Amino acid sequence: MSQAPPYVDRYDPGTFGIKGVDAGLRGLPPGEPERLGPLFAAMEPWMRYQYRSEALTSYLSGIERGAPRFAIMAGNEIAGAVCLRLNWLRGPYLQFIAVLPPFQKIGLGAAVLTWLEQEAKHNGENNVWVCASDFNAGAIRFYERHGFEQTAVLDGLIDTSIAEILMRKRL
């Protein structure tokens, strides 16, 4: 199976304790960005922004120091993806998270947040950051349930008619 991607820095993929599901993270295997890009492009919020599948595929395929990309695993199946930006305002920024519909509502997103918080604390960081589109009320509620607070409104960041809500969890 795939090894951790290059430039993982201090964040190592691991396993999650979700009742009844063998879940965790691993490096995004070759070929998976090409499969996942079109699937994510058909989901909110990327569908609303009219992100092309090629753009998401390219992003998921990228290799950058300080910006690891992981597959979210449920058993032997890839259930989604998570991408980080490390060392961002004294903590990691959760740049991208997507869980495919068949794997939603089983705790994978919450497990990723718990893992990220534990990794950040282990590395002496003070914050975890994320943005959610203002129309994505479900995502905002999800992050707030996990201790994130709204810190700023970024009007027109991606689309001139939509604001992004910058959220922070202090550690």
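The model is a predicted one, so local features are taken only where pLDDT is at least 70 and side-chain atom pairs only at pLDDT 80 or more, while totals for chains, interfaces and linings use all residues. Numbering starts from 1 along each chain as its sequence is written, and side-chain values rest on heavy atoms, with hydrogens and water left out.

The protein chain holds four helices and eight strands; these are DSSP runs numbered from the N terminus, with helices being H or I of at least four residues and strands E of at least two. Read from the N terminus, the order is β-β-α-α-β-β-β-α-β-α-β-β. For 171 residues, a compact globule would have a radius of gyration near 16 Å, and the 15 Å of the protein chain agrees with that. The radius is taken over C-alpha atoms, and the globule rule is 2.2 Å times the number of residues to the power 0.38. Along the principal axes, the C-alpha trace spans about 40 × 35 × 35 Å.

Of the 171 residues, 47% are buried (buried is under 20% relative accessible area, exposed over 50%, and partly exposed in between, with a 1.4 Å probe and protein chains only). Take the contacts (heavy atoms within 4.5 Å) between residues at least 6 apart in sequence: 59% of them join residues at least 24 apart. The accessible surface is about 8900 Å², with 49% of it belonging to carbon and sulfur atoms; these areas come from the Shrake-Rupley method with a 1.4 Å probe, and for residues only the protein chains shown count as cover. As for charge, the mean positions of the 17 positive and 18 negative charges sit 4 Å apart. Here Lys and Arg count as positive and Asp and Glu as negative, with His and the chain ends not counted, and each charge is placed at NZ of Lys, CZ of Arg, CG of Asp or CD of Glu.

Helix α1 (residues 32-41) buries Glu32, Pro33, Leu36, Gly37, Phe40 and Ala41. Seen down the axis of α1, these residues fall within an arc of 140°, so they line one face of the helix; the arc is that of the directions from the helix axis to the C-beta atoms. An α-helix has 3.6 residues a turn, so residues three or four places apart point the same way. The cover over the buried residues of α1 includes α2 (53-61), β4 (77-85) and β5 (93-99).

In helix α4 (residues 137-145), the buried residues are Ala139, Ile140, Phe142 and Tyr143. They take up an arc of only 160° around the axis, which puts them on the same side of α4. Their packing partners are β5, α3 (108-122), β6 (127-133), β7 (149-155) and β8 (163-170). After α4 comes Gly147, with a positive phi near 90°.

Most residues other than glycine have a negative phi, and most peptide bonds are trans. The bond from Glu44 to Pro45, though, is cis, with omega near 5°, and Pro45 belongs to the loop between α1 and α2. Leu89, not a glycine, has a positive phi of about 50° and lies in the loop between β4 and β5. Arg90, also not a glycine, has a positive phi of about 60°; its place is in the loop between β4 and β5, and Arg90 is exposed, at 64% relative accessible area.

Strand β4 contains Leu84, which is buried, with a relative accessible area of 0%.
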